[in-house]
Amino acid sequence: PFTRFLSAWSFARKGGGAVVKMSRRAQAEVLRFREPLDYAEHLAALPEKLRAKCDPVFRPQASYLCDPKGRIMVDKVFRVEDVAGMHFDFAGRRFSMRQKINAGEGEKRPSVASPDALRKVLRTLYAQDYAMFDYA
């Protein structure tokens with residue numbers, strides 16, 4: 001979740017990537033915050049119903065896999081880190097897991113003034129993801 005959040009942060013601030021674009025509203029929301037920690041704290045402070053409406057790149061991965069009661073709705077769950085080289089078809093296109101279809105142009109990880117503080121907020125924000133995927 002830490003690396004994913006930082007990637008989402010960069011992606012959102014740049015307005016998306018070559019294939020997937022961010023809405024202007026979502027980009028403007030993220031641009032209001034100077035640091036990833038500030039935005040993470042903002043998301044964590046939102047009521048659950050509002051948090052569920054945030055841009056999909058910031059939603060917990062579990063929200064794509066579970067029903068509202070937290071039950072897994074898919075046949076197979078795996079970590080992206082474990083599927084290098086896998087291929088899949090989506091929207092009439094073939095993708096390799098080596099491709100980053102949602103990467104922003106020239107994306108590099110943003111610096112974080114307080115990585116431990118960000119990890120602490122993300123553990124709360126993405127608690128179900130940490131539990132489902134056994135992230136340390």
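The expected span of a helix is 1.5 Å times one less than its number of residues. In this predicted model, that rule can be applied to helix H1, which comprises the 12 residues 2–13. Just beyond the end of H1, Gly-15 adopts a positive phi of about 85°.

The buried residues of H1 are Phe-2, Phe-5, Leu-6, Ala-8, Trp-9, Ser-10, Phe-11 and Ala-12. In general, an α-helix has 3.6 residues a turn, so residues three or four places apart point the same way. The cover over the buried residues of H1 includes helix H2 (24–31) and helix H3 (36–45), together with helix H6 (115–125) and helix H7 (127–133).

Among these neighbours, H2 packs against H1 at an angle of about 115°, and the two axes are 8 Å apart. Angles of 65 to 115 degrees count as roughly perpendicular, and H1 is therefore described as roughly perpendicular to H2. The crossing of H1 past H2 is left-handed. On the H1 side, the contact involves Trp-9, Ala-12 and Arg-13, which meet Gln-27, Val-30 and Leu-31 of H2. Classified by type, this contact of H1 with H2 contains 4 nonpolar, 1 polar and 1 charged residues.

Helix H6, which also contributes to the cover of H1, contains Thr-124. This residue has a relative accessible area of 60%; because exposed means over 50%, Thr-124 is classed as exposed. Thr-124 and Ala-44 are separated by 80 residues in sequence, yet their C-alpha atoms are 7.5 Å apart in space.

Definitions and conventions. Residues numbered from 1 in each chain as written. Predicted model: local features only at pLDDT ≥ 70, side-chain atom pairs only at ≥ 80, totals over all residues. Heavy atoms only, no water. Helix = DSSP H or I, 4+ residues; strand = E, 2+ residues; numbered from the N terminus. Buried < 20%, exposed > 50% of the residue type's maximum accessible area, 1.4 Å probe, protein only. Contact = heavy atoms within 4.5 Å. Axes fitted to C-alpha atoms, helices over the stretch in contact; angles between N-to-C directions. Parallel < 35°, antiparallel > 145°, perpendicular 65-115°, else oblique. Left-handed = near helix turned anticlockwise from the far one by under 90°. Nonpolar A, V, L, I, M, F, W, Y, C, P; charged D, E, K, R; others polar.
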